[in-house]
Amino acid sequence: MKRKLMISAMLLYTAVGIAHDDIHELNPVSAFLADFERAVQSKQLNKIMECFSADNPEFFRDQNTRYDIFCSTENSSFSMRVKQAGCDPSGNSALVFISRRTIRHDRPFLSAYWAKLDIIQDDLGYKISGERILDYARAENTILTMTIDPENHILSGQSHIQYLVTETGPDNLVLSLNRGLDITKITDDNGKPIAFERTGTTIVVPFTHTLTLNSKGQLIVKYSGGLFNESQEIGYSQVNIGFDGSFASWVTRWYPVLNCETTKSKGTIEYTIPPNMIVVSSGKRLKTIDQGDSKRVIFEVNSPMEYSFAAADYIVRSRTIDGVDIGVYFLGDDERNADEYISTCGEMIAFLKATYGFYPFDQYAVVEIPKSKVGTLGGSSEQGMNLFPEGKLPEEHMNEYVICHEIGHSWWGNLVGGEVGISEALAQFTSTLWFEQKYGEKALRSLLNNGYTAQTGQYANAFFENVMMNPGYDVPLGIPSPEKQSILHNIADIKGHFVYHMLRDHIGADAFMEGLKSILNNYRYKNVTLKEMKEAFETAGGCDLDWFYDQWFYGTGAPEFFLDYDIKEVKAGYEVFGKVSQSDPFFRVRLEIAAMRGDEIHLESMEITKTPQHFSFTVPFKPEKVELDPFLKIFRWTPERKAVNQLKLASKLTSVHQFEKAEEIYTLLMKRLPDSCLVAGQYGDFLLARGSVKDARKVFDKALAEYESRSFGVLDPQYGKIRLSLAKIMDLTGKRVLAVNQYREIMNDPMIRNEVKLMAKHYLDEPFCPETLFIISQKELEEYTGNYKIQEMVFMGSIDDNGILVFTGPDGVERPLIPKGIDEFEALDDVSMRIRFERNPNHQISRADLYRNGDLFISLEK
């Protein structure tokens, strides 16, 4: 043993280039790492995991997930170069350069990074007990000189990167650059060309010397080309160079960055653009220099950030609010409601600035980009500005939820980075904070569960309908999954913010905000992990949160609770007792139980730590009803969510005129869920469409009375629809004056969804008249089937077993379409979406235009 320790000390930090086999006898750590490398290369997960210590369960689990993904990924390879290996004062360790290569969508990808491995020795040999990815260099300053050539769709320029080494040991630098940009050359401080290796977006720049702590250097990179859209297979784009609008988000790597944790940099950016264009960019505008046939615009970046830009023929309006410059950049010649956008964005930033303690940038801009170039992109958060496709900034109302989400990325994703379970979910959480302070907690709970304003499809009901109803679609919120990145992003948006609200409810609002602020302060310009976030919340809340993260971040699914109770009179009032049971899998939660009589409500809170969980409490009145979780604070299954598929089937059957079968489903659901506004609203509309006006009104009146009697409940999106349906009945029965008053009240009610208000506005101008059922044959439906494309995104039209036309998007979600007229369809589960098909001179379907709330969303070529 003594001899081995002496050899380890002699060979401390083995030199570069020595093959593993050459040092097998001399350095047992390197020999062990060679075995580990071979196990990974052969994709033997069991052998791989034998190389890791199980003493740290969280680290072991993370590595198991990571290498399980690698082993199951086709066309993937692994290599590891040992730069240093041996024994240091703290134990065995190794400095390694790891390369993981994959082929996705027929394109090569390389992940290359330096890591410090902690290695222990037990009775079974050596084990990897920890890994720290080195953040070994950062750009101190970046000088970009760019030319935007919209006529030829070319971006060209030079990047001057001045870097500082922050850890001794590595012997190369790794850069990232958009694969559409060709590198002309890379030179060093003295202008000497440097060789480099490139795979896809990753460039490795080797040195003949070891980088040392606090040393400085410079790289000058020249490049040119057309920007490549890496997101094309998942349906959207964040890059374009053209006269209709040039733009590039920092995530597209339109300029070279050091591929370390800290990719942000101070610097200056100079754009050369056509004279008629206006450019908005990260940083503060310093000056514009007119050059006749072009102009140069220079920006200064005073705090570290990642850069984005947009350039087009913009209308610009700006104002300073609470010390922040707020601007809007609209395409076209319509100023629309620019003042409202500036004022509301200023209010949002002022509120969030007070909430988090600061705003990370000197300015904020709302910028339009051409919708024909972005696919399904809803918005893109940049540092100091947000990009929105045309149509996302409508004139009739401001889409506060979407805009506040993108502003939320100023802190989460832009200032503090992390996986989507952090950056995306907390940006969504930030927008809910704005709604809570503006509309109250009742509106917040409605927003989390059913969308509240319908300005987004990102809420719990959408998760249970679109994720839980599709086997294999659900993935853990906190585990990276490169092959399911689009799905994970969606889950972060529709579930993640709800999970953070449950965490806030559990540890308390003050402790939760204390945890968030500590993360913002400690990880500014860095990435934070879920483990580090958990530790911050545990410190702030003074409690263990392993179980919470295991359930909600590392697990899938959602709980389903069943309540059995009884009531008996006692001296102090009435005792409510019973049990709460769960279906598998079991979830630990703190659950509220409500005993209700009219407007009176008594709440009890109980910890669910087993199933069944028994309870007992006393109330001063005899309850008429006892409910679990009346404010829907837990992300869980509800009877209504279980009934969604049956409701969809009833709508489908109605659309193909199978009315008797549809009636049977509605009757059954009305008996099972007599208090459901969702069921009552849809059944009432069914009766109204069939001409049973009197029966429809009874259903609507009962549902409305039941809803309004429960003033403490969560806002229900069906409330506005039922009121609209009753107003339509007034129109039908000759009570036009009453109908007009109802339409106006609906339009002025802030608790009613915008698409309902738009329908009320339509009926205010034009009295309601029942739609005639548009009948279309199976043969005619087949004309609309086939593939429709925009750029590389493909939508597929097909006919399901019920004879319904179904449109399936790049996200895999199927949208049943109901015929509303010649070549016009409406989405069955989203009345705000319509599709109009266009025909060529030969009368064949050639294009499909998708509309949302009357605005053209995207055009698809067949």
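Leaving aside neighbours within four places in sequence, which residues is N240 in contact with? In this predicted model, local features need pLDDT of at least 70 and side-chain atom pairs count only at pLDDT 80 or more, whereas totals for chains, interfaces and linings use all residues. Residues are numbered from 1 along each chain as its sequence is written, and side-chain values use heavy atoms, with hydrogens and water left out.

With those neighbours set aside, N240 is in contact (heavy atoms within 4.5 Å) with G245, S246, F247 and K373. The residue N240 belongs to strand β12, residues 239-240, where helices (H or I, at least four residues) and strands (E, at least two) are DSSP runs numbered from the N terminus. N240 counts as buried because its relative accessibility is 13%; the classes are buried for under 20% relative accessible area, exposed for over 50%, and partly exposed in between, computed with a 1.4 Å probe on protein chains only. The side chain of N240 also makes a polar contact of 3.4 Å with that of D244, a polar contact being a pair of N or O atoms within 3.5 Å of which, within protein, one must be able to donate a hydrogen and the other to accept it, and residues adjacent in sequence count only if both atoms are side-chain atoms.

A search of the whole structure finds 43 salt bridges, each defined as a side-chain nitrogen of Lys or Arg within 4 Å of a carboxyl oxygen of Asp or Glu. In one of these, E441 is joined to R445, with the closest N and O atoms 3.2 Å apart. Both residues lie in helix α8 (residues 441-450), and because they are 4 residues apart, about one helical turn separates E441 from R445. The two partners fall into separate classes of accessibility, since E441 is partly exposed at 40%, while R445 is buried at 3%.

A salt bridge also links E607 with R590, where the closest N and O atoms are 2.7 Å apart. As E607 is part of strand β28 (residues 600-608) and R590 part of strand β27 (residues 589-597), this pair ties together parts that are 17 residues apart in sequence. E607 is partly exposed, with a relative accessibility of 31%, and R590 is partly exposed at 36%. Between R836 and E824, the closest N and O atoms of the salt bridge are 3.6 Å apart. Here the pair ties together parts that are 12 residues apart in sequence, because R836 lies in strand β36 (residues 830-839) and E824 in strand β35 (residues 824-827). R836 is partly exposed, at 33% relative accessibility. Through salt bridges that share partners, E58, R61, D62 and D550 are joined into one network.

Turning to the strands, two of them are taken to pair if DSSP finds at least two bridges between them. An open sheet is formed by 4 strands in the order β9-β10-β7-β14, with antiparallel pairing. Its edge strands, each of which pairs on one side only, are β9 (197-199) and β14 (257-258). Strand β9 pairs with strand β10 (residues 202-206) over 3 bridges in the antiparallel sense, and E197 stands opposite V204 in β10.

Strand β5 (residues 137-149) runs antiparallel to strand β6 (residues 154-165), to which 12 bridges join it, and L144 stands opposite S159 in β6. The two strands β5 and β6 form a hairpin with 4 residues between them, and H153 in the turn has a positive phi of about 60°. Strand β5 is also joined by 7 bridges to strand β15 (residues 265-273), and these two run parallel; the bridge partner of T142 in β15 is G267.

Among the helices, α12 (residues 530-541) has 12 residues and, at 1.5 Å a residue, should span 16 Å, which agrees with the 16 Å between its end C-alpha atoms; the expected span is 1.5 Å times one less than the number of residues. The buried residues of α12 are L530, M533, K534, A536, F537, E538 and A540, and they pack against α4 (57-72), α7 (420-439), α10 (485-507), α11 (509-522) and α13 (546-552). G542, which follows α12, has a positive phi near 65°. In helix α14 (residues 639-655) is found V644, which is buried because its relative accessible area is 13%. The C-alpha atoms of V644 and A509 are separated by 33 Å, and the two residues are 135 residues apart along the chain.
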